[in-house]
Amino acid sequence: MVGLVIPFVAVVGGVAVLGRFEFRVVGIPIVYFWVFLWFVLTTVCLAASWYLFDRKDFEDEEASGEHQRAEREI
Amino acid sequence: MATLIFGAIIVASLVLAFLAARGRDVLQIEEYLVAGRSFSGFLLFFLAVGEIYSIGTMVGLPGGIYANGATYGIWFLGYILLAYPVGYFLAPLVWRAGERYGAMTFPDVLKSHYRSRLLEVAAALTFFAYLIPWAQLQFAGLQVALGALGFGISAPTATIVAALIAFAYIIFSGVRAPANISILKDILLFGAIVIVGVVAAYAAGGVSNVFDDAAQLNPSSLSIGEGQAMTFALSTIVFQAFGFIMVTTPFIFTGRSEATVKRTYIFMPLYMLMYPFLIFAAYYAISAAPDLAQPNTALFVASVDLLPPWLLGLVAGAAALSGLLILAVLSLTVGGVLSRNITPNLTDTYQRRLTQVAVTVYLIVTAALTILAPTLMLDLISLAYFFVTQLLPALFGVLFVRQFSALGITAGLIVGNAVVLLLHFSQADIGGINLGLIALLANLLVTVAVSVVAKNRSSLAPVAESRRSETRQAEGSTV
């Protein structure tokens, strides 16, 4: 849920709050700057949930799946 | 010079399409439609990126910003970005469902899960309703891209040529052709956009100036403001972020494993780092080329101004490839859905032949529609999403919700699509809320209500509850 909830709250909430302002950050309107920032941060969130939670489950299954597939092919 | 570079890119893509079939038995329908479920994360990434960043990106987004300012820009960026977290969680489950049922299309999944012919056909028709505006979008973009080269081909000619090339891509190699071409296209597209963005910012004397100049002409273009525009942006972002998973089902099935699919999604947001450059170019166009009759041409008008001919050829080539590539993938989806879900019970050979006939008809019909009824591109995107997202309750039924019945989902689907048609064509005022979201709510209510009454549920466990080992057993017993 780290990967799903955080980006949603940040992007939807951020756009709702920042969308009405006109000021700039390094020359870019704040609402665009915020969304650009989340291009990278979303990847960070997803990578975090992969390495912290999901990786073990899925790679075990992948290994056993491939093992069984190999057996079937024989 | 521009034409030469452009031509070289198109020829290179055709060669790639042809080579893609080497050593593969594309006569088999599974190979043709989902490449035998063999794609690595690398190929999956490029095919996914290749399909997601359509010509709507290069032509539609700048056009939308040019015409409607930040509301459209933020909507477009926001929904794609948030589609990745959704996909990270749902896409591996979609893949699991695909493997469990040997499915090549989403209606295939429904057919096997619910054993309901009615639901399968309703889902297939919903897919068609979505695939038509989506192809029009690509054709409209291709007209703009080819027009920008300045050798004055008419819009109908451009459309017909485009249809022929897309057809050529898939006739030999099925889904392997777009996957191969997308590597070339994704790199070109990224490069072209960064170049245009950097040159635009340089020409204006800095990023800050780009926005200053745009603000002088159109002060409201830099923020969304409040009220209806904000409601529209937010509701559309959420709606389409979830709808996106339905758009991407065709290539999820090509992945090698659940883990491959999941890992691929982690890196997808990084490709979006090209967007800041595209936004710079779009805002540059607002001040550099005011009063365009056709907002869709904004990026190319800026490019013609700014770039030497050979670079212009590169930009137009990248844009054209992205449109052609997606036409090819869409054609495959149409062919697959028609031959497998509307007219099943054919042998493999006939399925493949019918697929090719369907593709031909589809390309001709959508090309004709594009020529006869041109529309603002971002509106075509909306329309496509209104329809395809109505399939979400069906997806949730397969993945999670045991209580949904086949009849319930079918009824919901029909009501959802009817509400879309009603609201879209009556132009009703709904306070800026995305009308697809309203249709989806109606859809869900009907699905739940009818499911309570008509209890022809699936006898199979929802996909998310079954682990791989059980899946294997289930497979063994049905084969």
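Predicted model: local features only at pLDDT ≥ 70, side-chain atom pairs only at ≥ 80, totals over all residues.

Where is the place of B:Ser221 in chain B?

Reply: B:Ser221 sits in a loop of chain B.

Now its contacts. Leaving aside residues up to four places away in sequence, B:Ser221 touches B:Gly69, B:Ala70, B:Ala214, B:Ala215 and B:Ile286. One of these, B:Ala70, falls in helix H5 (residues 70-100) of chain B. B:Ser221 and B:Pro290 are 69 residues apart in sequence, and their C-alpha atoms are 13 Å apart in space.

Next, the setting. Chain B comes to 22 helices and zero strands. It has 479 residues, and 61% of them count as buried. Take the contacts in chain B between residues at least 6 apart in sequence: 83% of them join residues at least 24 apart.

The largest nonpolar core holds 201 residues. The members that touch the most others are B:Ala145, B:Val196, B:Ala200, B:Ala281 and B:Ala282. Helix H5 of chain B gives the most to this core, with 20 residues. As a general point, nonpolar side chains in soluble globular proteins tend to be buried together.

Beyond residues up to four places away in sequence, B:Ala145 touches B:Ile55, B:Val59, B:Phe300, B:Ala316, B:Ala319, B:Ala320 and B:Gly323.

Helix H7 (residues 117-148) and helix H15 (residues 298-306) of chain B pack at about 15 degrees, with axes 10 Å apart. Angles under 35 degrees count as roughly parallel, so H7(B) and H15(B) are roughly parallel to each other. Their crossing is right-handed. H7(B) brings B:Val144, B:Ala145 and B:Ala148 to the contact, while H15(B) brings B:Phe300, B:Ser303 and B:Val304. By class, that makes five nonpolar residues, one polar and no charged.

A second pair gives a contrast in direction. Helix H19 (residues 392-399) and helix H20 (residues 406-426) of chain B pack at about 160 degrees, with axes 9 Å apart. The cut-off for roughly antiparallel is over 145 degrees, so H19(B) and H20(B) are roughly antiparallel to each other. H19(B) passes H20(B) in a right-handed crossing. B:Pro393, B:Ala394 and B:Gly397 in H19(B) meet B:Ile409, B:Gly412 and B:Leu413 in H20(B). This contact has four nonpolar, two polar and no charged residues.

B:Glu258 is in helix H13 (residues 258-271) of chain B. B:Glu258 is buried, because 23 other C-beta atoms lie within 10 Å. B:Glu258 and B:Arg457 are 199 residues apart along the chain, and 26 Å separates their C-alpha atoms.

Last, chain A. Its secondary structure comes to two helices and two strands. Along the sequence the pattern is α-β-β-α. Chain A has 74 residues, of which buried ones make up 27%.

Terms used
Residues numbered from 1 in each chain as written. Chains lettered and ligands numbered in written order. Helix = DSSP H or I, 4+ residues; strand = E, 2+ residues; numbered from the N terminus. Buried ≥ 20, exposed ≤ 12 C-beta atoms within 10 Å, placed from the backbone. Axes fitted to C-alpha atoms, helices over the stretch in contact; angles between N-to-C directions. Parallel < 35°, antiparallel > 145°, perpendicular 65-115°, else oblique. Left-handed = near helix turned anticlockwise from the far one by under 90°. Contact = placed C-beta atoms within 7 Å. Nonpolar A, V, L, I, M, F, W, Y, C, P; charged D, E, K, R; others polar. Core = buried A, V, L, I, M, F, W, Y, C linked by C-beta atoms within 7 Å.
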